[in-house]
Amino acid sequence: MVEAWYMDESQEDQRAPHRQRPNRAVSLEHLRRLGVVYRRLDADNYETDPCLKEIRRAENYSWMDIVTIHKDKLPNYEEKIKTFYEEHLHLDDEIRYILEGSGYFDVRDKDDKWIRISMEKGDMITLPAGIYHRFTLDENNYVKAMRLFVGEPVWTAYNRPADDFPARKQYMKFLAEEAHNGV
């Protein structure tokens, strides 16, 4: 089961858990109110998994590939790791399914605080277009993930500040509506 928490302010190794003391856990419901969708799937059978097939059909995820992030597997590893950890947003949803290994997705909450989401084998996450986020490996230094897209993949990341993009404005409108509905 996925675990998430508010991060401390430490600038130490990005691969460390960075939990506040005491720990401030974040629920799946809280993540959902931020537009983050979590699913648990059978990563051992991803090639034939009917649940994954149905998700891809229902969400129109027509394109996918598999990426391995490890110093021996990814060209320009050090540069890529730094790029992934830069705070950014995308104009489309970001969908990642962890097939092996583990890592962290960090997302900003409505008050601009970092929430760390620990991802491991079998976890699938959808980050909505317009949410500020970043990714890092954890201390295991290895992840193999499926990347899914609606249509042709768009790899463009827009580093913060990127508040003028329609995707960001739409996301902020979503957060405002969630806040209004939660009252």
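Figure 1. The model is predicted: local features need pLDDT of at least 70, side-chain atom pairs count only at pLDDT 80 or more, and totals for chains, interfaces and linings use all residues. Residues are numbered from 1 along each chain as its sequence is written, and side-chain values use heavy atoms, with hydrogens and water left out. Asparagine 45 is placed in the loop between β3 and α2 (50–59); helices (H or I, at least four residues) and strands (E, at least two) are DSSP runs, numbered from the N terminus. The side chain of asparagine 45 forms a polar contact of 2.7 Å with the side chain of aspartate 42. A polar contact is a pair of N or O atoms within 3.5 Å; within protein, one must be able to donate a hydrogen and the other to accept it, and residues adjacent in sequence count only if both atoms are side-chain atoms.

**Figure 2. Arginine 134 and its partners.** Arginine 134 belongs to strand β9 (residues 133–137) and counts as buried, at 12% relative accessibility. Its side chain makes polar contacts with the side chain of aspartate 106 at 2.8 Å and with that of tyrosine 85 at 3.2 Å. The charged end of arginine 134 is also positioned over the ring of tryptophan 114, 3.8 Å from the ring centre (a charge sits over a ring if NZ of Lys or CZ of Arg is within 6 Å of the ring centre and within 35 degrees of the ring normal). Leaving aside residues up to four places away in sequence, arginine 134 touches Met7, Phe84, Tyr85, Glu86, Glu87, His88, Tyr104, Phe105, Asp106 and Trp114, where contact means heavy atoms within 4.5 Å.

**Figure 3. The salt bridge between arginine 116 and aspartate 106.** These two side chains meet with an N to O distance of 2.7 Å; a salt bridge is a side-chain nitrogen of Lys or Arg within 4 Å of a carboxyl oxygen of Asp or Glu. Arginine 116 lies in strand β7 (residues 114–120) and aspartate 106 in strand β6 (residues 94–108), so the bridge ties together parts that are 10 residues apart in sequence. Arginine 116 is buried, at 0% relative accessible area, and aspartate 106 is likewise buried, at 0%. Elsewhere, salt bridges with shared partners join Glu29, Arg32, Arg33 and Glu178 into one network. The count of salt bridges comes to 19.

**Figure 4. The salt bridge between arginine 40 and aspartate 123.** The side chains of arginine 40 and aspartate 123 form a salt bridge of 2.8 Å, N to O. Distant parts of the chain are linked by this pair, with arginine 40 in strand β3 (residues 37–40) and aspartate 123 in strand β8 (residues 123–127), 83 residues apart. Arginine 40 is partly exposed, with a relative accessible area of 43%, whereas aspartate 123 is buried, at 0%.

Figure 5. Glutamate 3 and arginine 19 form a salt bridge in which the closest N and O atoms are 3.0 Å apart. Glutamate 3 is in strand β1 (residues 3–6) and arginine 19 in the loop between β1 and β2 (25–26), and the pair links distant parts of the chain, 16 residues apart. Both are partly exposed: glutamate 3 at 38% relative accessibility, and arginine 19 at 28%. Arginine 19 also lies over the face of tryptophan 5, at 3.7 Å from the ring centre.

**Figure 6. Aromatic pairs.** The count of aromatic pairs comes to 8. The rings of tyrosine 158 and phenylalanine 165 have centres 4.3 Å apart and planes at 45 degrees, so this pair is tilted. Rings of Phe, Tyr and Trp (its six-membered ring) pair if their centres lie within 6.5 Å; planes under 30 degrees apart count as stacked, over 60 as edge-to-face and the rest as tilted. Tyrosine 158 is partly exposed at 26%, as is phenylalanine 165 at 27%. Ring pairs also link Trp63, Phe149 and Trp155 into a cluster.

Notes:
Buried means under 20% relative accessible area, exposed over 50%, partly exposed in between (1.4 Å probe, protein chains only).
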